[in-house]
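Have a look at the fold below. The report that follows takes one local feature at a time, with short notes on each.

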Amino acid sequence: MVSAFLSHLFSEIVDYSFTANMETELDNISAGSTEWKGLLKDYWERLSKYCGDASQWDVRKVERMLEEKFRPILFPDLDTDSRICPSCSEGTLRFKVSRYGEGSFIGCDRHPKCKYIARTLSDEDDENETSEQIPRSFEPRLLGIMPDTSEKVSS
C-alpha cells in the first residue's frame, strides 16, 4: 500500500525513466560534465512540490485512493452496492487506517455511531494469531549463519 501511495503521489520520481535519467546525470557529475548544485537544486524543487502536494491529502482521501486501487483484494466477494454495514444497516463498509497507527481494517463508515469492524488487515493470517503471540515485527527472524563462527544472525 505504501508503494501504491508513493506511485500515485510521486509518479515522476518513482518512474523507471526518472531513475535512469538521474543515474545518467549522476554519471555526468562524476565525469565533470554536469554541475552538481544545479542538478540537486532542480531535483529538490521537484521533490518539494510533490511533498507539498502530498501534505494536502488527509487520511480519508488516502484511504479512498487505496480502497479504489485495492478494491478486488479488500472486497473480493462484494460489489459497491452490497457493502452495507451488517450491524447498523445504514453505513458502508470501507477501508480505514487506524488513527493510532495500529494498522488498517474494513469497518463501517458511520464511526463513531457504529463501531462495526468486519476484519483487520495484517501480514499474518488472523486465524493463526492469538492474543498471547508477540507481534510479528518483534519476533527475531533468522537471517543466516556466520561462516566463521557458526553463530546465528537474527533480525
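## The hairpin of β4 and β5

Serine 150 takes a positive phi near 60 degrees in the hairpin of β4 and β5. Six residues lie between the two strands of this hairpin. The model is predicted, so keep that in mind for every value here. Strand β4 covers residues 142–145, and strand β5 covers residues 152–154. The two strands pair in the antiparallel sense, over three bridges.

Serine 150 itself sits in the loop between β4 and β5. Is this serine 150 buried or exposed? Serine 150 counts as exposed, because its relative accessible area is 55%, and the cut-off for exposed is over 50%.

Most residues other than glycine have a negative phi. Serine 89 has a phi near 60 degrees, a positive value in a residue other than glycine. Serine 150 also has a positive phi near 60 degrees.

Where is serine 89 found? Serine 89 is in the loop between α6 (71–74) and β1 (93–97). Its relative accessibility is 54%, so serine 89 counts as exposed.

## The three-stranded sheet

Strands β1, β2 and β3 form an open sheet. Their order is β1-β2-β3, and the pairing is antiparallel. Which strands are at the edges? The edge strands are β1 and β3, and each of them pairs on one side only. From one strand to the next, the twist averages 25 degrees.

Strands of a sheet pair through backbone hydrogen bonds, either parallel or antiparallel. How many bridges join β1 to β2? Five bridges join these antiparallel strands. Across from phenylalanine 95 stands isoleucine 106, in β2. In a regular strand the side chains alternate between the two faces of the sheet.

## A cis peptide bond

Most peptide bonds are trans. Histidine 111 and proline 112 are joined by a cis peptide bond. Omega for this bond is about 15 degrees. Proline 112 lies in a loop, with β2 (104–108) on one side and β3 (117–121) on the other.

## Cysteines without disulfides

How many disulfides does the model have? The count comes to zero. A disulfide needs two cysteine sulfur atoms within 2.5 Å. The closest cysteine sulfur to that of cysteine 85 is in cysteine 114, at 3.7 Å. Cysteine 108 is in no disulfide either. Its nearest cysteine sulfur, that of cysteine 88, is 3.8 Å away.

Are cysteine 85 and cysteine 108 buried or exposed? Cysteine 85 is buried, because its relative accessibility is 1%. Cysteine 108 also counts as buried, again because its relative accessibility is 1%. The cut-off for buried is under 20%.

Which residues make the nonpolar surface patch? Val2, Leu6 and Val14 make it, and its area is about 240 Å². Valine 2 is found in helix α1, which covers residues 2–9. The relative accessible area of valine 2 is 61%, so valine 2 counts as exposed.

Methods
Residues are numbered from 1 along each chain as its sequence is written. This is a predicted model: local features need pLDDT of at least 70, side-chain atom pairs count only at pLDDT 80 or more; totals for chains, interfaces and linings use all residues. Side-chain values use heavy atoms; hydrogens and water are left out. Patches are made of residues with over 30% relative accessible area and no salt bridge: like charges are joined within 9 Å, nonpolar side chains (Val, Leu, Ile, Met, Phe, Trp, Tyr) within 5 Å. Accessible areas come from the Shrake-Rupley method with a 1.4 Å probe; for residues, only the protein chains shown count as cover. A salt bridge is a side-chain nitrogen of Lys or Arg within 4 Å of a carboxyl oxygen of Asp or Glu. Helices (H or I, at least four residues) and strands (E, at least two) are DSSP runs, numbered from the N terminus. Buried means under 20% relative accessible area, exposed over 50%, partly exposed in between (1.4 Å probe, protein chains only). Two strands pair if DSSP finds at least two bridges between them. Axes are lines fitted to C-alpha atoms, for helices over the stretch in contact, and angles run from 0 to 180 degrees between N-to-C directions.
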